[in-house]
Amino acid sequence: MPKVIYVDFQGNRSELEIANGMTLMQGAVMNGIEGIEGECSGSCACATCHCYVDEAYLGHLPEMTENENELLEGTIGERLANSRLSCQIRMAAELDGIVVHLPEEQ
Amino acid sequence: MAGNLARVVIVGGGHAGFQCIDSLRKGGHEGPIALIDGDPRLPYQRPPLSKGYLLEGADPDTLLFRTADYYREQSVDLYLGVRATRIDRENRSLELSNGDHLAYDRLVLTPGAQIRPLRVPEDIADRICYIKTLSDIDRIRAQLAAVRDIVIVGGGFIGLEFAATARKLGKRVRVLVRGPRIMQQNVTPALSRFMLEQHAAHGTDIRLATGVETVSRRADGGFDILTTAGRSLSCDMLVAGIGVTPDTGLAEQAGLECDDGIVVDARCRTSDPGIYAAGDAVAFAHPMADKRIRIESVQNAVDQARVIAANICGEQAAYDSVPWFWSDQYEFKLQMAGLHEGYDRVVQRGTTESGKFTLFLYKGEMLIAVHTVNRPADHMAARKLLAAGISPGFDQAADENCKLNSLLER
């Protein structure tokens, strides 16, 4: 299974294997990774799964929907160019090894 | 025994039950925790059931709150596929359907709600589809391929989400709504109208002020329905989403105060101070409401469970979260924040025609609720405004150029 590496705001790394098709939010929440909440169960409605995606993988991500774009305007952690909602990123072969950094607060 | 070694027993593995476990452990609770749920599966999330899971299927494991490892690591004893049958308050013990008796210091009731059944002859009752558990959806999915015509009874969120999904799958969909408009309990008349038009535009045939008079079974397995409006309809699948009733059975039997729900105080304690309750089954005086209410939402379940865990961990926590919930229908994301009952003015931002707008609902000059359609950023800002008790002026609310977040920074 492809790997994802979550790095929390203090720099702690957690490496997980998650199944293709599962979102990075689901992978984090189900495995108890701190720093991602996913209050709305992944329906792109709450912006509590904000993450910063490592530049190398940005080009492989699905395009951002208008909803996601708007939600990112209201995140608690500062929005950066590589900000995404992790519920909108489904694991796929080309994302193997993806590194996402988590904000201090959601 | 008090403090963080108390034995906690939780009845109900929905959002409230799971959250209570997680918050207890994160809050430093070291005592034993047991979870009882009649469903044999590991606790799972409900919102995707009527939405993505219904549409796409997916591995049911992706719905789990946590994998089995979590419960082992956190030393949580799971009693799944087992029901709680009686509370012995005097001896602080819970009787289970498998004959076990669990001693507790703190009991947490998160039983949720039960589907309100459609009244039909007995021989058809088990053929009616409902949307509540993973098994319900799996059952629907197993039949769906062979189904062309679907009739849905009920014009609330669940029925309408199912309708939208079924249309996406190319089914013929008719919805019977007893009341004069859809989502009557939860949104304003203008929003009901807007969504009614969207359903019509997507080919969903919604019949208002129409109930079911009789249902009979056809030889081919389908149904013939006579509506209260005197029309006859035939369909292959009949789905009912006509609401739920709080599951108060165990609490009532134990003599806990119940009134359309298990009555709890601001700290989510029932009339027995050793027993807490949270979620859809609970009736309480929300600080934003002027009477006792019950809220059926994930947010309510989760936030009440957090309050319970904090109290068990020795804090003095009270529940005062701003209620919020959402619904996905076609490309529309409806989000509601606050409690709108008693509003006397609606201020709109954005045009209905654009399919993206926000309704600010006021009681006098006080903002009491905000409903958004495809404006999730407004929803998030509105929750903060409501929590802070900040009411934008009517002109500010209507003005696209007035950033809602900027009102928070004052």
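Author: Three strands of chain B form an open sheet with antiparallel pairing, in the order S12-S13-S14. The model is a predicted one.

Reader: Which strands are the edge strands of this sheet?

Author: An edge strand here pairs on one side only. In chain B this applies to the strand of residues 212-217 and to the strand of residues 232-235. From one strand to the next, the twist averages 20 degrees. The edge strands are therefore S12 and S14 of chain B.

Reader: How many bridges join strand S13 to S14 in chain B?

Author: Strand S13 of chain B covers residues 223-227 and runs antiparallel to S14(B). Within this pair, Phe223(B) stands opposite Cys235(B) of S14(B). The number of bridges joining S13 to S14 in chain B is four.

Reader: Which helix gives the most to the side of chain A that touches chain B?

Author: The contact takes 17 residues from chain A and 22 residues from chain B. Helix H1 (24-30) and helix H3 (66-72) of chain A each supply at least two residues of that side of chain A. With three residues, the helix that gives the most is H3(A).

Reader: How many nonpolar, polar and charged residues has the side of chain A that touches chain B?

Author: Chain A contributes 17 residues to the contact. By class, the side of chain A that touches chain B has two charged residues, eight polar residues and, for the nonpolar class, seven.

Reader: What is the radius of gyration of chain B, and what would a compact globule have?

Author: Chain B contains 12 helices and 25 strands, and its C-alpha trace spans about 65 × 60 × 35 Å along the principal axes. Of its 410 residues, 44% are buried. For 410 residues, a compact globule would have a radius of gyration near 22 Å, and chain B agrees with this at 22 Å.

Reader: Is Gly35(A) buried or exposed?

Author: Gly35(A) lies in the loop between H1 and strand S3 (50-53) of chain A. A residue is buried if 20 or more other C-beta atoms lie within 10 Å of its own. Because Gly35(A) has 23 C-beta neighbours inside 10 Å, Gly35(A) counts as buried.

Reader: Which residues does Gly35(A) touch, not counting those up to four places away in sequence?

Author: The C-alpha atoms of Gly35(A) and Leu61(A) are separated by 21 Å, the two residues being 26 apart along the chain. Leaving out residues up to four places away in sequence, Gly35(A) touches Asp8(A), Phe9(A) and Leu102(A).

Conventions:
Residues are numbered from 1 along each chain as its sequence is written. Chains are lettered from A and ligands numbered from 1 in the order in which they are written. This is a predicted model: local features need pLDDT of at least 70, side-chain atom pairs count only at pLDDT 80 or more; totals for chains, interfaces and linings use all residues. Two strands pair if DSSP finds at least two bridges between them. Axes are lines fitted to C-alpha atoms, for helices over the stretch in contact, and angles run from 0 to 180 degrees between N-to-C directions. Two residues are in contact if their C-beta atoms, placed from the backbone, lie within 7 Å. Ala, Val, Leu, Ile, Met, Phe, Trp, Tyr, Cys and Pro count as nonpolar, Asp, Glu, Lys and Arg as charged, and the others, Gly among them, as polar. The radius of gyration is taken over C-alpha atoms; the globule rule is 2.2 Å times the number of residues to the power 0.38. A residue is buried if 20 or more other C-beta atoms lie within 10 Å of its own, exposed if 12 or fewer, and partly exposed in between; C-beta atoms are placed from the backbone.
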